[in-house]
Amino acid sequence: MSMERRDLFKLAGVAAAVAVVPAVVTTEAKAAAKTSGKSVVIIGGGWGGLTMAKEIKKQDKSVEVTVIEKKDIFMSCPVSNLYLGGLESMTLAQLTHDFYAPAQAHGYNFHQGEVTAIDRKAKTVTTTTGTVSYDILALSPGIAYDYEKQFPTWDAAKINAVAHACPAALMPGSEHLALKRQLDNMDDGNVIIVPPASGKFRCPPAPYERTAMVANYMKQEGIKGKVIVLDTRPGKFAKAKAFKEAWKDEFADIVDYRGESTVTDVDTAKSTITYKDAEGKSHTEAYQVCSLMPINKCSPITTMAGIKTNGAGFAAMEGYTFRSASDKNVYVIGDAVGHAIPPSGQTAIWGAKRAAGQVVAQLNGKKNDPVAGLPEKAANVCYSMVNGAPEEAIMVTHEFHADPSGKLKGKGAVPKPKDGNGKFRSQGVGKALHEWYNGSIREMFS
Ligand SMILES: Cc1cc2nc3c(=O)[nH]c(=O)nc-3n(C[C@H](O)[C@H](O)[C@H](O)COP(=O)(O)OP(=O)(O)OC[C@H]3O[C@@H](n4cnc5c(N)ncnc54)[C@H](O)[C@@H]3O)c2cc1C
């Protein structure tokens, strides 16, 4: 508990520092001025946006770059399940960072405000704190939840109640803190985890890593109960064999995976969840803690920009580039892209670097080959912690290639590590997970 309080004080310290450093905030007056002809505005200061801002400045200092972000503190989704699972190696302070340090270090502007309108004719972005003009716009706004599609009979009040009672925690911030508080305060009983029912969703292994980390927490704390996974999938999901092996070896009496389960209702007053099994039979389970992850869609920023998207808002792309199919001055990166590559932080970093090269070439009237370096092995490497004592992780790697369909595509493999004694998980991969995270944070923040 005292560790917990110390972390919160550290977080408060970072927030206070953010409040007193106004130097890099773009003023409205400056934004309203004419662009330099080499002005790039990036919407979203997450994994994709921060990487792209730094990379553009690295490649061409003369480009003026502005990142627009609605939050005033960065928090990481990757490795947040370790924090939820109570691993001492992952504190809240390690998950949070200030936006000003990289902006100052690399010479880009940080504009804090929520984007409310995009005018592609006038080439302006309107935010709650001013209007910014651009020559090239890049979108890295991430995802949104689609409770409405999954539960069409729920009204806004019901959605709000369920979102607060059963935090999805697929977007960083209060949802993770709420879920952690609920786990810290839980009595004996069940934790219910509901992965997104269908469609593309952020970090496909995340719900199953959360299952392992919550089971680890219950085992460590001696909490009697189960982690019940109510999944629509029939046992087939990201890194499924590797997760199932770890659950069976380490948490056989805790993890209770129920495939082909469709959640139909949540009663937040009674703390119960109702679902239908494969035969259509209805069941109701009580929960102490529940994390219900709804179907994902793209952030509304892509539709606000009026670019071509698929039904769920993910951007249609121009060939193998990171440019929108609709506008040669609009780029899209991170989870928002319509390429057939997995939505991950590592992919967002990879795409942001390629997009930065494409933008710098365009601004300098040069050619950029969008298939250069492809196919690229290990373009995405995604780790999941599956045990806490000792810390052991599993991994998936993806090779990205220029598919004849015209899209970038990923091909995944789940390797067994040399130090795993025939298992998918190992302590070496656990160490690599931390190294990957620290390296990614350095990539964005130093
Ligand atoms: C629990 C969990 C575990 C994960 N683990 C891993 C992992 O181990 N490895 C890995 O590679 N990936 C992991 N991921 C996935 C990773 O977090 C995402 O894929 C990555 O963050 C995508 O980057 P992005 O730039 O598209 O979006 P984000 O990082 O979400 O950034 C989007 C930003 O846009 C801002 N924004 C949105 N709308 C507006 C607006 N209107 N105005 C201003 N700003 C706006 C948001 O506030 C946000 O900061 C995990 C995700 C989760 C949820």
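This is a predicted model: local features need pLDDT of at least 70, side-chain atom pairs count only at pLDDT 80 or more; totals for chains, interfaces and linings use all residues.

I found Thr124 standing opposite Ser133 in strand 8. I then found Thr126 facing Thr131 of strand 8. A hairpin of 2 residues links strand 7 to strand 8.

Which strands make up the sheet, and in what order? I read an open sheet of 3 strands, ordered 6-7-8, with antiparallel pairing. Strand 6 (115-119) and strand 8 are at the edges with a single partner strand each, so one side of each has no neighbour in the sheet. On average, neighbouring strands here are turned by 20° against each other, direction ignored.

**Entry 1: the whole chain.** Next I stepped back. I counted 14 helices and 22 strands in the secondary structure of the chain. The C-alpha atoms fill a box of roughly 65 × 45 × 45 Å along the principal axes.

How does the radius of gyration sit beside that of a compact globule? For 446 residues a compact globule would have a value near 22 Å, and the chain has 22 Å, which agrees. I also noted that 47% of the 446 residues count as buried. Among contacts between residues at least 6 apart in sequence, 69% join residues at least 24 apart.

**Entry 2: a stretch with a record.** I checked UniProt, where an unreviewed entry places the feature "domain: FAD/NAD(P)-binding" at residues 39-138. In the model, residues 39-138 are 29% helix and 35% strand.

**Entry 3: one side of a helix.** I turned to helix 9 (residues 174-184) and asked which of its residues are buried. They are Glu175, His176, Leu179, Lys180 and Leu183. Why do they sit on the same side of helix 9? They cover an arc of only 135° around the axis, which puts them there. I then looked for what covers these buried residues, and it includes helix 4 (80-84), helix 10 (206-221) and strand 17 (289-292).

Entry 4: I picked Glu64, which is in strand 2 (residues 64-69). Is Glu64 buried or exposed? It counts as buried, because 20 C-beta neighbours lie inside 10 Å and 20 or more is the cut-off. Leaving aside neighbours within four places in sequence, Glu64 is in contact with Ser36, Lys38 and Ser39. Glu64 and Ser39 are 25 residues apart in sequence, yet 4.7 Å apart in space, C-alpha to C-alpha.

Then I moved to Glu392, in strand 21 (residues 391-402). Glu392 is buried too, with 26 other C-beta atoms within 10 Å. Not counting residues up to four places away, I saw Glu392 touch several residues, among them Val386, Asn387, Arg425 and Gly430. From Glu392 to Lys431 I read 39 residues in sequence and 8.0 Å in space, C-alpha to C-alpha.

**Entry 5: backbone details in loops.** I looked for cis peptide bonds. One joins Leu374 and Pro375, with omega about -5°, and Pro375 is in the loop between helix 13 (345-363) and strand 20 (376-388). Another runs from Ala389 to Pro390, with omega near 0°, and Pro390 lies in the loop between strand 20 and strand 21.

Last, I checked for positive phi in residues other than glycine. Lys239 has phi near 50° and is in the loop between strand 12 (227-230) and helix 11 (240-251). With 23 C-beta neighbours inside 10 Å, Lys239 counts as buried. Glu260 has a positive phi of about 55° and is in the loop between strand 13 (255-258) and strand 14 (262-267). Glu260 counts as partly exposed, with 15 C-beta neighbours inside 10 Å.

Key: Residues are numbered from 1 along each chain as its sequence is written. A residue is buried if 20 or more other C-beta atoms lie within 10 Å of its own, exposed if 12 or fewer, and partly exposed in between; C-beta atoms are placed from the backbone. Helices (H or I, at least four residues) and strands (E, at least two) are DSSP runs, numbered from the N terminus. The arc is that of the directions from the helix axis to the C-beta atoms. Two residues are in contact if their C-beta atoms, placed from the backbone, lie within 7 Å. Two strands pair if DSSP finds at least two bridges between them. The radius of gyration is taken over C-alpha atoms; the globule rule is 2.2 Å times the number of residues to the power 0.38. UniProt positions are given in the numbering used here, feature names are shortened, and annotations may be inferred rather than shown by experiment. Axes are lines fitted to C-alpha atoms, for helices over the stretch in contact, and angles run from 0 to 180 degrees between N-to-C directions.
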